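Me: I would like to learn how to read the features of a structural model one at a time. Could we begin with the packing of helices?

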Amino acid sequence: MELKKRRLGRTNLMVTELGLGAMDTPTVKEGEETLHLALDLGINFIDTAREYQDSEYLIGKVIRARGGKDFHIATKTFSRTRDGSQHEVDRSLGILGVDRIDIYQLHDVSSLQAWEEVMQEGGALEGLKIARERGLIDYIGISSHSLDVLERAILCGEFDTVMLEYSAFFRDTDRLIGLAKERNVGIIVMRPLGGSGRTSVIRTRMKASGQETSLTPAMLLRYVLSRPEISVAIPGVRYPSRVRENVQVALSYRPLNESEKMECEEEAALLF
Ligand SMILES: NC(=O)c1ccc[n+]([C@@H]2O[C@H](COP(=O)([O-])OP(=O)(O)OC[C@H]3O[C@@H](n4cnc5c(N)ncnc54)[C@H](OP(=O)(O)O)[C@@H]3O)[C@@H](O)[C@H]2O)c1
């Protein structure tokens, strides 16, 4: 059985609906094994960033060990200027050891001031467009925690993908998911399990009660994958065992029905 793939909006890339967020992967010694296992099990989408310490470096190491890149990489930069973002693309290419990068995102554009900075003449978007013209990157994306910025990004037509938060804990982006789908903008879901703080509380409670509660990491992943509009969910993973568990869920899940979704949301609201 293979992981199901979905189209990443107007990029037309076919990405596995289960991706991997590599923000924290390099922080443990098993990180390299985790990435190899994810790729061996068929995950074909990895998210990273210039600012995630050693993450691009670790991915580059894995690419070299495998003799080339046969998956999609989305990386991102906090640079807000044209020259800065071009410089960051060059740095990413060098560290990853690749000729071009599938998706380059503007990282965490979460205030209107940051939005104006990246969009203005001489701003970071211009730098990424130059990099795209030079054939160094294929597509341009943006990540944000601001509903206002996300809406502007979806509507302005400049971005092929948006990275937004969505989970049973956080549904404020619900409407934007529909809007992005309508505009053919690829949707990458960050923090699909609600973030590391929440998942560790859930795991502690599961251990303490000695039994499965219904709001498990598996259920949270199912909750996000049950939205057909999203292209890819990128749970943050450090250990190989988590990759196995998440792949198992993605291979075997049945989409949640409305009452199961509501149950998840209610439990999530009670928990935090
Ligand atoms: N653009 C942005 O501004 C931004 C911001 C935040 C995140 N992101 C992206 O989104 C990705 C995911 O975000 P996140 O890591 O903050 O949140 P998350 O994916 O919701 O949660 C990560 C947590 O889930 C745990 N986990 C994963 N699979 C599990 C499983 N099968 N069973 C139990 N626990 C499991 C991880 O465990 P361990 O503790 O064992 O590792 C980690 O603690 C990041 O890697 C990054 O790529 C982007």
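Reply: Two residues are in contact if their C-beta atoms, placed from the backbone, lie within 7 Å. The model shown here is predicted. In it, Glu 56, Tyr 57, Ile 59, Gly 60 and Ile 63 of α2 meet Ser 92, Ile 95 and Leu 96 of α3. By class, this contact of α2 with α3 comprises five nonpolar, two polar and one charged residues.

Me: How is the geometry of α2 and α3 described, and at what angle do their axes cross?

Reply: Two packed helices are described by the angle between their axes and the distance between the axes. Here the axes of α2 (residues 55-65) and α3 (residues 82-96) cross at roughly 40 degrees and come within 7 Å. The angle therefore makes α2 oblique to α3.

Me: Which residues touch the most other members of the largest nonpolar core?

Reply: That core holds 78 residues, and Val 162, Leu 164, Ile 187, Val 189 and Ala 233 touch the most other members. Helix α9 (residues 217-225) supplies the largest share of the core, six residues.

Me: Next, backbone torsions. In which residues other than glycine is phi positive, for example near 60 degrees or near 50 degrees?

Reply: Most residues other than glycine have a negative phi. Asn 184 has a positive phi, near 60 degrees, and is located in the loop between α7 (174-182) and β9 (186-190). Arg 191 also has a positive value, near 50 degrees, in the loop that runs between β9 and α8.

Me: Are Asn 184 and Arg 191 buried or exposed?

Reply: A residue is buried if 20 or more other C-beta atoms lie within 10 Å of its own, and exposed if 12 or fewer do. Asn 184 counts as partly exposed because 13 C-beta neighbours lie inside 10 Å. Arg 191 has 24 other C-beta atoms within 10 Å and is therefore buried.

Me: How does the count of neighbours apply to residues in helices, such as Glu 258, Lys 207 and Leu 125?

Reply: Glu 258 lies in helix α11 (residues 258-271) and counts as exposed, because 8 C-beta neighbours are found inside 10 Å. Lys 207, in helix α8, is exposed with 9 other C-beta atoms within 10 Å. Leu 125, in helix α5 (residues 124-133), counts as buried, with 25 C-beta neighbours inside 10 Å.

Me: What does Leu 125 touch beyond residues up to four places away in sequence?

Reply: Leu 125 touches Leu 106, Val 118, Met 119 and Glu 158. Separation in sequence and separation in space should be read together. Leu 125 and Gln 86 are 39 residues apart in sequence and 9.6 Å apart in space, C-alpha to C-alpha. For Lys 207 and Val 249, 42 residues apart along the chain, the C-alpha atoms are separated by 20 Å. The C-alpha atoms of Glu 258 and Ser 85, 173 residues apart along the chain, are separated by 42 Å.

Me: Finally, which residues come nearest to the ligand?

Reply: Among the 29 residues around the ligand, Gly 21, Met 23, Ser 143, Ser 196 and Gly 236 come nearest. The elements giving two or more residues to this shell are α8 (196-209) and α10 (240-252). Helix α8 gives the most, with four residues. By class, the shell divides into eleven nonpolar, ten polar and eight charged residues.

Conventions
Residues are numbered from 1 along each chain as its sequence is written. This is a predicted model: local features need pLDDT of at least 70, side-chain atom pairs count only at pLDDT 80 or more; totals for chains, interfaces and linings use all residues. A residue is near a molecule or strand if its C-beta atom, placed from the backbone, lies within 6 Å of it. Ala, Val, Leu, Ile, Met, Phe, Trp, Tyr, Cys and Pro count as nonpolar, Asp, Glu, Lys and Arg as charged, and the others, Gly among them, as polar. Axes are lines fitted to C-alpha atoms, for helices over the stretch in contact, and angles run from 0 to 180 degrees between N-to-C directions. Angles under 35 degrees count as roughly parallel, over 145 as roughly antiparallel, 65 to 115 as roughly perpendicular and the rest as oblique. A nonpolar core is a set of buried Ala, Val, Leu, Ile, Met, Phe, Trp, Tyr and Cys residues joined through C-beta atoms within 7 Å.
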